[in-house]
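Here is a short report on a structure with two chains. Look through the sequence and the model, then read on.

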Amino acid sequence: MPDLVLILAVDLGMRHPRALTALMAFAMGYAVDAFSGVELGLNALLLTVVFIFAYWLSRVLISASTAVGVMAVFVGVVFSDVGNYLISSGLAPADRLHVLMPAVLIQAAVTALLTPSVFQITGWGARMVGLRMHGASR
Amino acid sequence: MKGSFLWRNRVVFTTGLLLLIALHFLSTGVRPEARANKPSLVLMEAVKPLLVVESQMADDASDFLHNYFDLVSVHQENLRLEQQVAQLEGQQRRMVELEAENRHLADLLELRDALDTTAIAANVIGSDATGLSRTLMLSEGDRQGLRRDMAVISINGVVGKLIAVSHDAARVLLVSDHNSALDAFDQRSRARGIVAGVVEDGLAMKYVDRSEDIKPGDMIVTSGLDGIFPRGLLVGTVARVSKERPGLFLNVEVKAAVDFRELEQVMILTTRVPAPSVQNNG
């Protein structure tokens with residue numbers, strides 16, 4: 001299943017890096033925690049970190065293109081899934097991570113493939129409401 | 001204020017603060033129901049209409065797909081059943097045909113028993129294609145015991161006699177052929193004559209004395225004097241009697257008892273019938 005929430009967090013971090021959008025990324029993570037029944041704060045933390053990573057990319061790169069966004073999403077999904085597993089299991093059984101990795105990589109690939117389409121949709125939406133985007137993606 | 005350090009780095013400070021809050025939530029570990037319930041309940045209520053619509057759409061899509069696949073399988077089932085019905089109808093027609101053939105053969109058997117003679121049943125497999133002579137082909141031959149000049153009859157009456165026999169087939173010269181000649185008499189008046197085919201169609205009874213009493217409707221039967229046909233087999237009925245042509249004899253037209261065009265099974269009398277002793281007409 002592609003992680004659409006994470007794609008949005010990366011999009012917010014790369015193309016709309018504001019305090020408000022940071023709060024939105026946090027809120028999205030919190031909502032996922034509230035619905036999924038995991039420990040409160042887990043996805044809020046991870047999505048905020050992903051947002052920070054995307055924000056950092058937008059600051060260091062001259063132009064944050066869609067390709068960069070795709071890579072950021074891929075890395076973000078891997079980080080989020082591994083972090084989710086490690087924190088949920090109390091950082092203990094890291095030796096079983098190799099069993100999890102194939103599924104994580106597949107999810108990361110699927111989510112990354114979907115990224116350009118989601119970026120396109122959010123770009124249309126932003127233009128419709130008159131939002132200015134940072135680091136235009138060509 | 002806008003130019004201050006805090007304002008310029010507001011994103012960093014905000015995300016840092018949010019991280020601290022998230023870590024604080026995590027560090028408390030357990031999920032106290034009082035804290036988790038309210039936000040999750042609010043979110044649930046907010047998302048519920050969307051979930052209802054999504055669920056409905058998923059159900060509709062699923063129903064549509066199921067109905068489509070059901071229709072496809074119903075169509076295929078329909079084709080299969082149509083083929084089956086056609087096969088069954090064909091079988092039923094064959095059964096009806098077999099039933100009719102069975103009845104004919106049973107009637108022929110009955111006739112054979114009544115005649116008290118040996119006989120062989122045969123199917124009519126062909127007729128003369130040229131139309132110049134009136135003959136039939138039969139499905140039995142000398143391997144089944146047939147010989148030339150054996151009498152051929154049906155349940156309705158006299159058909160003809162065998163004129164050619166091969167291993168597995170035989171040819172019958174019908175009484176309606178102009179080359180055929182059959183000794184017969186009027187069952188009512190006992191008037192005798194020779195029944196032969198006429199070129200145009202039908203039968204004629206020849207050499208009937210002008211003084212004889214023959215009327216339309218009289219039945220003409222075999223006399224048995226030719227040694228081929230047993231006595232008393234129906235040849236036909238008198239259709240017309242006329243004395244128009246001059247001469248010693250009547251013109252008697254006879255309608256054959258057998259419809260040669262619809263013959264399917266016949267019986268061949270394999271026992272030669274002894275000719276009855278000649279009796280004076282009294």
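A residue is called buried if 20 or more other C-beta atoms lie within 10 Å of its own, exposed if 12 or fewer do, and partly exposed in between, with C-beta atoms placed from the backbone. By that rule Tyr207(B) is partly exposed, because 13 other C-beta atoms lie within 10 Å.

This is a predicted model, in which local features need pLDDT of at least 70 and side-chain atom pairs count only at pLDDT 80 or more, while totals for chains, interfaces and linings use all residues. Residues are numbered from 1 along each chain as its sequence is written, and chains are lettered from A and ligands numbered from 1 in the order in which they are written.

**Chain A**

Helices (H or I, at least four residues) and strands (E, at least two) are DSSP runs, numbered from the N terminus. Chain A has five helices and zero strands. Its pattern along the sequence is α-α-α-α-α. Of its 138 residues, 38% count as buried.

Contacts need a rule too: two residues are in contact if their C-beta atoms, placed from the backbone, lie within 7 Å. Take the contacts in chain A between residues at least 6 apart in sequence: 69% of them join residues at least 24 apart.

The expected span of a helix is 1.5 Å times one less than its number of residues.

| Helix | Residues | Length | Span, first to last C-alpha | Expected span |
|---|---|---|---|---|
| α1(A) | 4-15 | twelve residues | 16 Å | 16 Å |
| α2(A) | 19-36 | 18 residues | 26 Å | 26 Å |

Is α1(A) mostly covered or mostly uncovered? It is mostly covered, with nine of its twelve residues buried. The buried residues are Leu6(A), Ile7(A), Ala9(A), Val10(A), Asp11(A), Leu12(A), Gly13(A), Met14(A) and Arg15(A). Their cover includes α2, α3, α4 and α5 of chain A.

Helix α2(A) also has buried residues, among them Phe26(A), Met28(A), Tyr30(A) and Asp33(A).

Next comes a helix pair. Two packed helices are described by the angle between their axes and the distance between the axes. Axes are lines fitted to C-alpha atoms, for helices over the stretch in contact, and angles run from 0 to 180 degrees between N-to-C directions. Helix α4 (residues 66-88) of chain A packs on helix α5 (residues 97-129) of chain A at about 145 degrees, with the axes 8 Å apart. Their crossing is right-handed. A crossing is right-handed if the near helix is turned clockwise from the far one by less than a right angle, and left-handed if anticlockwise. On the α4(A) side, the contact includes Val70(A), Val73(A), Phe74(A) and Asp81(A). On the α5(A) side, it includes Leu100(A), Val104(A), Gln107(A) and Phe119(A).

Residue classes are set by type: Ala, Val, Leu, Ile, Met, Phe, Trp, Tyr, Cys and Pro count as nonpolar, Asp, Glu, Lys and Arg as charged, and the others, Gly among them, as polar. The contact of α4(A) with α5(A) has 14 nonpolar, five polar and one charged residues.

**Where the chains meet**

How many residues of chain A are in contact with chain B? There are 19, and they touch 15 residues of chain B. On the side of chain A that touches chain B, the elements giving two or more residues are α2 and α3 (42-60) of chain A. That side divides into 15 nonpolar, two polar and two charged residues.

**Chain B**

Chain B holds three helices and twelve strands. Of its 282 residues, 24% count as buried. Among its contacts with a separation of 6 or more, 55% come from residues 24 or more positions apart.

Two strands pair if DSSP finds at least two bridges between them. Six strands of chain B close into a barrel in the order β1-β2-β5-β4-β3-β12, with antiparallel pairing. The twist averages 45 degrees from one strand to the next. Here β3 (residues 151-154) and β4 (residues 157-165) of chain B pair over four bridges in the antiparallel sense. Ala151(B) stands opposite Lys161(B) in β4(B).

Another barrel of six strands in chain B runs β6-β7-β8-β11-β10-β9, again antiparallel. Its twist averages 40 degrees from one strand to the next. Strands β8 (residues 203-206) and β11 (residues 251-256) of chain B pair in the antiparallel sense over three bridges. Ala204(B) has Glu253(B) in β11(B) as its bridge partner.

Two loop residues deserve a look. Arg190(B) has a positive phi of about 65 degrees although it is not a glycine. It sits in the loop between β6 (181-186) and β7 (192-197) of chain B. Arg190(B) counts as partly exposed, because it has 13 C-beta neighbours inside 10 Å. Tyr207(B), not a glycine either, has a positive phi near 60 degrees. Its place is the loop between β8 and β9 (219-222) of chain B.
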